[in-house]
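Biologist: Hello! I am new to this structure. Could you walk me through how to read it?

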Amino acid sequence: MKTRIKELRARYDLTQEDLAKKVGVRRETILFLEKGKYNPSLKLAHDIAKALKTKIDELFIFEED
Amino acid sequence: MKKEYKYYTGIGAAAFLVAIALQIFWSGIDTIWVSRITSFLTTVGIVFIALGVGRHMIYKEEPEEDERTKKINALTLSYSWTVTLVLVGVLLLLDHWNILKMTVMQALGLTMAVMIAAAVISELCLKRKGDVK
């Protein structure tokens, strides 16, 4: 899974800490999300998409095997 | 500082102040109970202040846990429980075969130490991972 979190975060000039605070998670969770190493819950994905003013399917890109 | 940490620090400081006050105003009375209460309050004060200030230094304004850390903590407890169960089984067999005889206190102490160590080690390892299944 790839994410566009880093790209969109940069667009809105948000640090990992800012985004983490907005969605109520720890900064490391955002870090692992950006690296594609953590699969978030639907709620967290929704909250991040909302914070970055985008849609979930535009934020997370699933690659077919 | 988060409200919760302020409460911890406040309670700790209050306990500490009461202990100091007891020491000053009751210093003439040489009772064992005053000494015990003062020691108890001083310990409580130090523990609470350490919890409040320590947690503030570690977490600052960040949440202490989120969905990722909750998953890790659940798995940590499960690993720790499994390791402890295996240890208790091994101790039981060793005792049954007369290989190792331990007192109840020794067995309980060892079990607690292994349980805590297993939890700490697995938490450290799992926190390095992004996700746990």
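Biologist: Let me start with B:L17. In which helix does B:L17 lie?

Modeller: B:L17 lies in helix α1 of chain B. Keep in mind that this is a predicted model.

Biologist: Which residues make the nonpolar surface patch with B:L17?

Modeller: The patch is made by B:F16, B:L17, B:I20, B:I24, B:F25, B:W26 and B:I46, and covers about 750 Å². Helix α1 of chain B, residues 3-25, provides the largest share of the patch, with five residues.

Biologist: Now to the two chains. How much area do chain A and chain B bury between them?

Modeller: A general idea comes before the number. The size of an interface is often given as the accessible area lost when the parts come together. Here chain A and chain B bury about 1,200 Å² between them, and 47% of that is on carbon and sulfur atoms. On the side of chain A, the residues that lose the most area to chain B are A:R26, A:F32 and A:Y38, together 53% of what that side buries. In terms of contacts, 13 residues of chain A touch 16 residues of chain B.

Biologist: How many salt bridges are found across the interface?

Modeller: Again, the general idea: side chains of opposite charge can pair when their charged atoms come close. Across this interface there is one salt bridge. A:R26 forms it with B:E62, with the closest N and O atoms 3.6 Å apart. Helix α3 of chain A, residues 27-34, gives the most to the side of chain A that touches chain B: four residues. That side divides into five nonpolar, four polar and four charged residues.

Key:
Residues are numbered from 1 along each chain as its sequence is written. Chains are lettered from A and ligands numbered from 1 in the order in which they are written. This is a predicted model: local features need pLDDT of at least 70, side-chain atom pairs count only at pLDDT 80 or more; totals for chains, interfaces and linings use all residues. Side-chain values use heavy atoms; hydrogens and water are left out. Contact means heavy atoms within 4.5 Å. Buried area is the accessible area (1.4 Å probe) that two parts lose on being put together, summed over both. A salt bridge is a side-chain nitrogen of Lys or Arg within 4 Å of a carboxyl oxygen of Asp or Glu. Helices (H or I, at least four residues) and strands (E, at least two) are DSSP runs, numbered from the N terminus. Ala, Val, Leu, Ile, Met, Phe, Trp, Tyr, Cys and Pro count as nonpolar, Asp, Glu, Lys and Arg as charged, and the others, Gly among them, as polar. Patches are made of residues with over 30% relative accessible area and no salt bridge: like charges are joined within 9 Å, nonpolar side chains (Val, Leu, Ile, Met, Phe, Trp, Tyr) within 5 Å. Accessible areas come from the Shrake-Rupley method with a 1.4 Å probe; for residues, only the protein chains shown count as cover.
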